[in-house]
Amino acid sequence: MSCICCLTVTKTVCAEQCDGRCFGPYISDCCHRECAGGCYGPKDTDCFACTNFNDSGACVTQCPQPFFYNSITFQLEHNVRTKYTYGAFCVKKCPHNFVVDHSSCVRACPSNKMEVEENGTKICIPCTDICPKACDGIGTASLQTAQTVDSSNIDKFVNCTKINGNLVFLITGIKGDSYHNIEALDPEKLNIFRTVREITGESHERRHYRALLRSILFMSTPCSSPPAPGNTPVTRKELRIRAPRCRHAEGFVIKTISSHINDSAELGPGASQHPPAALHRCKVQVVGEFNLVSFCICACLGFLNIQSWPDNMTDLSVFSNLATIGGRTLYSGISLLVLKQQGISSLQLQSLREISAGNVHVADNSQLCYYNTINWTRLFRTAHQKALIRNNQSPEQCSKKRMVCDPLCSGAGCWGPGPDQCLSCKYFSRGRTCVDGCNLYEGEIREYANESVCVECDGQCELADDDSLTCHGPVSLLRLRWCIGPRLQDCIGLMDRTPLIAAGVIGVLFMVVILVLSVAVSVRRKNIKKKRALRRFLETEVSSGAPASDALRAIFMLMKISFSTL
């Protein structure tokens, strides 16, 4: 019974003009081409189902797009009736747990886009460079049991731009660890870290301790440790017995806690002189003559620790995009450590702009140069931060080997050889590279100087053919081929003349056609007037009966015939 009903409503044997199904035998009974599975009428709203998308009951090829092309202004304009693709439907707004990618509702942005919030709507926008990606560092979350970057975990850092934790390079990771069956690290794999822009710290562990003591000593290390009683610093061996998960215990801070947290501190070897930011006093309670103190230590990691490096790599250029070292909690008070690397001759950390907390320790690197030129204080955020630089190659030896900063570098120093390793430029900079001047008057790509930075003019700006500038800075100039900035909309007068030229050509052709028609009509009218005057003359001569009237009559008949064709 259902099959007979189905055959009655929709048919597949239709008129030749139908694209698919129909609801009757005639041409006017064809289903709309967007219908799927039949219809009960010819319109796109009469479909049983849609081939593509359903827009408020109408089957359409695509949902209304965010922009439409205006053929009059030759511009893309915002479509106020825009809708987004959500499954097989067109919706005015994506569900709150979805993200808008152009004109579609998606669960997540594709790999070349990142998610941002704009006017209360989460949208996907193209990444200008590498899309942001946060990854766990050594000793954090998924890598909590790892002690160093090695061949077993380095792939976890692919495309990471931010490290929530720390990066540690020990000999067991670089050379391999036979005890744990970990192979030596392929030096080429270290290029994975070229995408890293920030090493910071993120709270990953919080422990609470209670102690019943007249005075309590506690230790702040890069990982959480229980309080250590006594008045002397705890040795590394003792620390490992009490807190076997702490792997970095060369230095620590010991503080005295009684009924309140004392600001004075005794320092263990190599410890930071600043109170640990992760300590939180939770509760103080008096029990007889004792103080019952409950406190918690939250461990945060965020430092770069290099104690081993491949022999064939003479620099740290794999971190050339690293801009910030957070140092929220430190390795023995240190946020950047480069120690006893005999093959490194330059650091090449040219993107590093900030070391937020902690000290710098660069020591016992016998081939290292350029370190003495760096003004480390420009990288520090606080006056308490220090740079401990010792036992590296002497500046005199570096000068003899011509391992000095490029002449285009300023007095702030450099990270290595070449104009792209300067901390700042003496004259101008183009991207990361220092130059002695911008391409103001010559070159295929012209520039303008925005203070000490060379910025390209937009390609739509016309190149100047004399000693004039092609584009300029924020000061508006009168010449039409100049611009006031690097963007297309900053060009003055000559942004994109193609639509104007096309409109001008069409206008000229239209005027030419009108002129030709006007001339043709004028000539035709003059000819008609002449013929009519001659006709009246002949009629007068023939009717008067003058001599040679037969010949005139014949001419008159011919003229009459020609006038009848007008």
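Residues are numbered from 1 along each chain as its sequence is written. In this predicted model, local features need pLDDT of at least 70, side-chain atom pairs count only at pLDDT 80 or more, totals for chains, interfaces and linings use all residues, and side-chain values use heavy atoms, with hydrogens and water left out.

Student: How many salt bridges does the structure hold?
Tutor: Side chains of opposite charge can pair when their charged atoms come close. A salt bridge here is a side-chain nitrogen of Lys or Arg within 4 Å of a carboxyl oxygen of Asp or Glu. The number of salt bridges in the structure is 7.

Student: Is Asp 101 buried or exposed?
Tutor: Asp 101 meets Lys 113 in a salt bridge, with N to O at 2.6 Å. The pair links strand β9 (residues 99-101) to strand β11 (residues 113-118), 12 residues apart; strands (E, at least two residues) and helices (H or I, at least four) are DSSP runs numbered from the N terminus. Buried means under 20% relative accessible area, exposed over 50% and partly exposed in between (1.4 Å probe, protein chains only). Lys 113 is partly exposed at 22%, whereas Asp 101, at 14%, is buried.

Student: How many residues apart in sequence are the parts that Lys 175 and Asp 311 tie together?
Tutor: Lys 175 and Asp 311 form a salt bridge whose closest N and O atoms are 3.0 Å apart. Lys 175 lies in the loop between α2 (171-174) and β16 (198-200), and Asp 311 in the loop between β23 (304-306) and β24 (324-325), so the parts tied together are apart in sequence by 136 residues.

Student: What is the relative accessible area of Glu 447?
Tutor: Glu 447 pairs with Arg 430 in a salt bridge of 2.7 Å, N to O. Arg 430 is partly exposed at 32%. Glu 447, however, is buried, and its relative accessible area is 3%.

Student: Which residues does Thr 85 contact, leaving aside neighbours within four places in sequence?
Tutor: Thr 85 lies in strand β7 (residues 84-86). Thr 85 is buried, at 14% relative accessible area. Contact means heavy atoms within 4.5 Å. With neighbours within four places set aside, Thr 85 is in contact with Phe 53, Cys 63, Ser 103, Ser 104 and Cys 105.
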